[in-house]
Amino acid sequence: MEARSIRLLTSAATILYEMASRGCGIGPDTLQCAGMQVSESIQCPFCGQGFELVIDTSVPTQQFTTDCEICCRPFEVVAECKPGEILSLDVRGS
Ligand SMILES: [Zn+2]
């Protein structure tokens with residue numbers, strides 16, 4: 001009985017952790033999480049090809065590396081967001 005409770009608690013904690021790591025808050029806003037994904041057109045700093053990138057706008061400031069879909073070279077993306085909207089988006093070739 002006790003072992004079972006501990007296991008349930010552990011799986012609940014894992015789910016909460018996974019939600020947090022996806023940038024979702026825990027609470028009433030969690031259900032709106034899907035609306036936080038906004039796609040934005042960006043241009044590869046290497047080959048100049050434009051393509052769509054999906055940004056999670058629930059994270060106010062984010063910086064990550066992504067690969068160009070066309071030439072596959074990695075570049076850095078710096079985004080500033082407010083929930084549901086991208087305020088600025090910068091790409092930097094590294
Ligand atoms: Zn490219």
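**Zinc site**

I started with the zinc ion: its protein donors are C44 (SG), C47 (SG), C68 (SG) and C71 (SG), lying 2.3 Å from it. Donors here are N, O and S atoms within 2.8 Å of the metal (3.2 Å for Na, K and Ca), and water is not among the atoms, so sites may look incomplete.

I noted that this is a predicted model, where local features need pLDDT of at least 70 and side-chain atom pairs count only at pLDDT 80 or more, while totals for chains, interfaces and linings use all residues. Residues are numbered from 1 along each chain as its sequence is written, and side-chain values use heavy atoms, with hydrogens and water left out.

Why is the arrangement around the zinc ion tetrahedral? I found that the four donor atoms subtend angles of 103 to 115°, and four donors count as tetrahedral if all angles lie between 85 and 135 degrees.

Next I checked the spacing of the donor residues in sequence, and it reads C-x2-C-x20-C-x2-C. C44 sits in the loop between strand 1 and strand 2, and C68 in the loop between strand 3 (61-67) and strand 4, so this pair links parts of the chain 24 residues apart.

**Core**

I then looked up the largest nonpolar core, which has 12 residues, among them C44, C68 and C81. Such a core is a set of buried Ala, Val, Leu, Ile, Met, Phe, Trp, Tyr and Cys residues joined through side-chain atoms within 4.5 Å. Strand 1 (37-43), strand 2 (50-56) and strand 4 (74-82) each give two or more residues to this core. Strand 4 has the largest share, four residues.

**C81**

C81 is found in strand 4. Is C81 buried or exposed? I have it as buried, because its relative accessibility is 7%. Leaving aside neighbours within four places in sequence, its contacts (heavy atoms within 4.5 Å) include I55, V59, I86 and L87. The C-alpha atoms of C81 and T61 are separated by 6.3 Å, though the two are 20 residues apart along the chain.

Last, I traced an open sheet of three strands, in the order 3-4-5, with antiparallel pairing. Strand 3 and strand 5 (85-93) are the edge strands. Strand 3 and strand 4 pair over seven bridges; two strands pair if DSSP finds at least two. I spotted T65 opposite E76 in strand 4.

Key
Buried < 20%, exposed > 50% of the residue type's maximum accessible area, 1.4 Å probe, protein only. Tetrahedral: all angles 85-135°; square planar, octahedral: opposite > 155°, others 65-115°.
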